[in-house]
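Let's take a friendly look at the open spaces in a protein model and at one strand beside them. Here is the structure to explore.

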Amino acid sequence: MTDVNRSALRHWLSDVRESRDATPDEGIDPCGVRWQRHAEGVLELTPANAGHSDDTNADTAGKSRGGRFDAILSCGIHGDETAPIEIVDGILRDIADGRLTLRERLLVILGNPDAVRAGKRYLEYDLNRLFHGAHAKRAESPAVQRARELEVIVAQFFAGVDGVRRQRRHVDMHTAIRASLFTRFAVVPGTPERPPSDQWIDALAAAGIEAVMRTDQPSVTFSYYTCARFGAESCTLELGKVAPFGQNRLVDFDGIDAALRRWLSGGEMAQRDDGRVLQAQRFRVAAEIVRRTDAFVLDVPADTPNFTPYAAGTVLARDGENTYTVSHPEERIVFPNPNVANGLRAGVMVVPDA
């Protein structure tokens, strides 16, 4: 394992292990990659060739000054979801050691360092329910402060540094707290005016994502924020079950790891090294079950896997006089959780995306 005191790694990993100091600092790796730490657990990397082109063509020069993308990789939004942190750790180590050539401008975010330290999903409030204006509606707390801080940093990052507008992409990586009929799946947000592209969904399929949930419903998640506010290709990836550090089978994440490396080194996520063309099963969000009052009851067993199907006419939730009844021939439930706070979703119902 690479010495964490070397290069950019010290400014990302040691924040979790040792330091509470969020003073910005910057430098250049031996491989020429520029790094700048904006806050605890937030590291910006600029490719070694950035700013060294005499090309007067704006498109070509823009690529030479940081590639095609303004790319964001986020993990640790929930502190007990360790596999994505280990994936990003490996990518950072290989960039620092020169084994992976970075060709895209990259912002790496470890979302909730305090929760990572504690090994808990969150401490006072779920960070992934505080974006896109939601933090302004809650009492001041460390989670609220962190959501606000991350929004500011993301806005500054997407504003760019050289006047060149690149493609914007955000991959927010998680692991799920329950089993799933599809082990690796993605929630892909869009808007009615700008739905997710087929190319983006195909790229996720090539990364080993087995199912995609497309949604244009407003949300307060991190990936919806970057999509709706900045027009980014965004996704929330659920990559398997939660496990402690050191207990993840990283071989299970080879698909996403390889796809991220292809992309960040200037290639295409969808072009697998083995030449295979994979397809993800596509769903769209038909409805959300929202807990409104303390009388809420979700008629779903606690161990129900994500994507469990229910037939038309099944009553799944009751909240006083209100009920949720399956209205399509078949609907599948994702993220069932009756213990959320009032006003939050207790489940997402999806149907096939024709």
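## The largest pocket

The lining of the largest pocket has 16 nonpolar, 13 polar and 8 charged residues. Here Asp, Glu, Lys and Arg count as charged, Ala, Val, Leu, Ile, Met, Phe, Trp, Tyr, Cys and Pro as nonpolar, and the others, Gly among them, as polar. This is a predicted model, where local features need pLDDT of at least 70 and side-chain atom pairs pLDDT 80 or more, while totals for chains, interfaces and linings use all residues. Residues are numbered from 1 along each chain as its sequence is written, and side-chain values use heavy atoms, without hydrogens and water.

A pocket is an open set of points on a 1 Å grid over the protein atoms alone, where a 1.4 Å probe fits, with protein on both sides within 12 Å along at least five of seven lines; lining residues have an atom within 4 Å of a point. Among the 37 lining residues, Arg121, Asp126, Arg129, Phe335 and Arg345 lie nearest the centre. Strand S6 gives the largest share of the lining, 3 residues (strands are DSSP runs of E, at least two residues, numbered from the N terminus).

## Strand S9

S9 (residues 233-241) also supplies at least two residues of that lining. In S9, 7 of 9 residues are buried, meaning under 20% relative accessible area with a 1.4 Å probe, protein chains only.

S6 (residues 167-176) runs parallel to S9, joined by 7 bridges (pairing takes at least two DSSP bridges), and His170 stands opposite Ser234. S7 (residues 185-189) pairs with S9 in the antiparallel sense over 3 bridges, with Val187 partnering Thr236.

Technical notes
Buried < 20%, exposed > 50% of the residue type's maximum accessible area, 1.4 Å probe, protein only. Helix = DSSP H or I, 4+ residues; strand = E, 2+ residues; numbered from the N terminus.
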